[in-house]
Each structure stands twice: as C-alpha cells, then as structure tokens.
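Please look through the chain shown here before reading on.

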Amino acid sequence: MISARIKGLSPYKTEKRSAKVKLSSNELSLDLPAEVKEEIARAVARIPFNRYPDPQATELKEAVALRFGVDPSCVVLGNGSDELIQYLCMAVGESGDAVFYPVPTFPMYGISAQTVGKERLEVPLGEDLDIDLDSSLKEIRRRKPILAFFSYPNNPTGNCFDKNKITAIRNEGVFCVIDEAYYHFSGKTFLEEALSREDTVVLRTLSKIGMAGLRVGVLIARQDVADYINRMRLPFNITYPSQVIAVLMLTKFYHFVEEAVNTVKRERDRLMDALRSMKGVEVFPSEANFFLFRTPLPAPLLQEKLLEEGVLVRDVSYLPRLERCLRVSIGKPEENDAFLEALHKVI
Ligand code: PMP
C-alpha cells in the first residue's frame, strides 16, 4: 500500500506554459555559438550508450571541485541539488525528526522532508523577509528539529538571510544546509564552515549557470560528511551525456558561462532601477538572478497580461508575505527590454 505520508504530498507545481521570453524559472540565458554546440554534439556522439557512466563521475567531480576551489573528496554530485536535498533529509537524524526552514522558500525542502517521513517545521519570515529569529528559536526549542535548510539567497525572495541568525539556529544543535544555488550572483558563501564543521554543508548547482537541463547538483562538505552521503548515493546518478557536456562547459567553454553570469549581474541592476522608476511598483532587493516586485494590480492578472505580450514571469502572490508579488528572472538584455516594454504597456 502507498503510505499515507506519500498520499499526503501535494503535486509539485512547475510552470507548464511557455512563451517567447521565458523569465519564470531562474534559468540562465546562455548563447553558445553554433560551432560550440557542434563540438558538444560530437562529444555526445562518441558516448557508448550501451555502457554505464563512471559511477563516481570522476572527471566532472574534478572539474566542479576546481571551479569551486575545493578538494574533490569534499564533493558529492547529485541529479540536480534536488536529489541532494532528498539525500540530506534521509541522512540526517531519524524518521519522525523535524526539519526546519523559514517560509516562503524553495518547496523541495518540505516535499523531501515529507517524502522521507520527517516532520516539517516551517516558520514564516519576518516582514523584512529575513528570518524571524525570535519565533524561530521559540519553535526550535519546542520542536527540536534535527536539520535546517536555508536558501541563501532565498528563492523566491532574492535576499540573503542575516548570517548571524543562521549561526544562532545552528547553535541550537541543528545540522544546517546552506543552499547556495544562486551563489554565482551573490558571491556569499558558508564554504569555510562547510569544509571545517560536521554540522554544516553547502549545496551548489550547475542549473543556474546555464546547465539546468543537465541536472548536476553539488554538495560540499567536510570529507567525512561527504563520504557518508556518497555511500547512500545512487550509483549512476549523473548520466553519461551530463558528465560529458558539463565537463566541457566547466573547462573549455567556461568563458561563455562567466560572460552570461556577468551580463545577468549587470542587467539585474538595470532592470531593478527601471522598475523602481515606475509609479506604483515596489522592487525588493536581490542578490540572485531574479527579483520580486509588487504592483497595485492582482498578480495573476498582471502575469496573464504579460503573457499576452509574450513574456512569462512567475506568480508568487499566493505565498505568505508576498501578496501582489511577481518574480522575474533576469534574461538577456533583449529579453529584459521585452519584459520592460510589456510591463509599461500593461500597467
Ligand atoms: N535550490 C534552490 C534554492 C533553487 O531555487 C533550485 C531551483 N529552482 C534548486 C535548489 C534546484 O536546483 P537543481 O536544478 O540543481 O535541482
């Protein structure tokens, strides 16, 4: 019988609609010249599909470790960080223990916790969209969670939480996962703590730097912690094509990634400034490749109107604290122009 725990899961919402300008999923717009794509296609054509890939994804792990400035023995690769989130929910504590995370945040923390039979301890963010430390500590002392997730910067709010608040929560004896999916746009990290402490790990991903379709997530931890997670990892969790393509992207073609990331950081400022100058529009600070904005219009209506103009953004207005808010990912300059033009037209 399917367990009540699994029956209790609500279907995970993913954006099914498409548009000419898709700014709804925090992906990176990465233009690769045709000859680069051809070289990648040739590398894929050389893969022996009848063979299993390298179970340790050695070459990819080394390329990732080099890019993140850590030793490969401190790295565990996952089928996206989604898989690593689930591993952490399984690895830390016992069934029935609680998992803490401030909300709203990335939904997979709650889904994975529930999937593996852990309780969820969700504490709403304060009005400033930072961790409400008083309420969090009160709940943590009452429910004694074993594990905590912090999206840093937080998806969907875009801000990095106060580091001291995360540390205060860790001081309660909670194993802390710092999800740095948007690290390339914030530059802020808990890497040193992750490499030196038993109770802190960092998650990164290749998804936000142009490789979302490859499904490569990265866990960085002290060697002994990484070793434990590796023992439970499914043996061939990184597909052969993903290993081959990601290695090329992180080595020979990395300058394309760097250029696209730099463009996003530049464009983020331009786009946010442009929205700030629009009457009635409230813009929230962001250290990610997306940001939140609020308008006087109902968000679902505005989302529809933008879609009619060919621009897809994410409606997050159903989440606590985010009434009338939409989330927009930063695209290429011309995509951002199209978004601005559409927004000017519809509000
Ligand atoms: N963590 C956060 C905070 C995210 O926003 C996302 C993607 N939306 C992920 C993890 C998932 O990343 P991946 O594609 O590596 O599974």
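## Strands, helices and backbone

Strand β10 (residues 290–294) and strand β13 (residues 325–329) run antiparallel and are joined by 5 bridges. Within this pair, L292 has R327 of β13 as its bridge partner. Two strands pair if DSSP finds at least two bridges between them.

The model is predicted: local features need pLDDT of at least 70, side-chain atom pairs count only at pLDDT 80 or more, and totals for chains, interfaces and linings use all residues. Residue numbers start from 1 along each chain as its sequence is written.

β10 and β13 belong to an open sheet of 4 strands in the order β9-β10-β13-β12, with antiparallel pairing. Its edge strands, β9 (282–283) and β12 (314–315), each pair on one side only.

Another open sheet has 7 strands in the order β2-β8-β7-β6-β5-β3-β4, and its pairing is mixed. β2 (75–78) and β4 (119–124) are at the edges with a single partner strand each, so one side of each has no neighbour in the sheet. On average, neighbouring strands of this sheet are turned by 20 degrees against each other, direction ignored. Axes are lines fitted to C-alpha atoms, for helices over the stretch in contact, and angles between N-to-C directions run from 0 to 180 degrees.

In the 7-strand sheet, strand β6 (residues 175–179) runs parallel to β7, and 4 bridges join the two. C176 stands opposite T200 in β7. Helix α6 (residues 133–143) packs on the sheet and touches β3 and β4, and its direction makes about 160 degrees with that of β4.

How do helix α4 and helix α10 cross, and at roughly what angle? The axes of α4 (residues 80–91) and α10 (residues 223–232) come within 10 Å and cross at roughly 100 degrees. The two helices are therefore roughly perpendicular to each other, a term used for angles of 65 to 115 degrees. Y87, M90 and A91 in α4 meet Y228, I229 and M232 in α10, where contact requires C-beta atoms, placed from the backbone, to lie within 7 Å. This contact has 6 nonpolar, no polar and no charged residues. Ala, Val, Leu, Ile, Met, Phe, Trp, Tyr, Cys and Pro count as nonpolar, Asp, Glu, Lys and Arg as charged, and the others, Gly among them, as polar.

Helix α4 also gives the largest share of the shell around the ligand, 3 residues. The ligand is surrounded by 13 residues, and the closest are G80, S81, N155, T205 and S207. A residue is near a molecule if its C-beta atom, placed from the backbone, lies within 6 Å of it. By class, the shell has 3 nonpolar, 8 polar and 2 charged residues.

Most peptide bonds are trans, and most residues other than glycine have a negative phi.

| Cis peptide bond | Omega |
|---|---|
| V103 to P104 | near 5 degrees |
| N155 to P156 | about 20 degrees |

P104 is in the loop between β3 (98–103) and α5 (108–115). P156 is in the loop between β5 (147–151) and α7 (163–170). R215, which is not a glycine, has a positive phi of about 60 degrees. R215 is in the loop between β7 (200–205) and β8 (217–220).

Definitions and conventions: Parallel < 35°, antiparallel > 145°, perpendicular 65-115°, else oblique. Contact = placed C-beta atoms within 7 Å.
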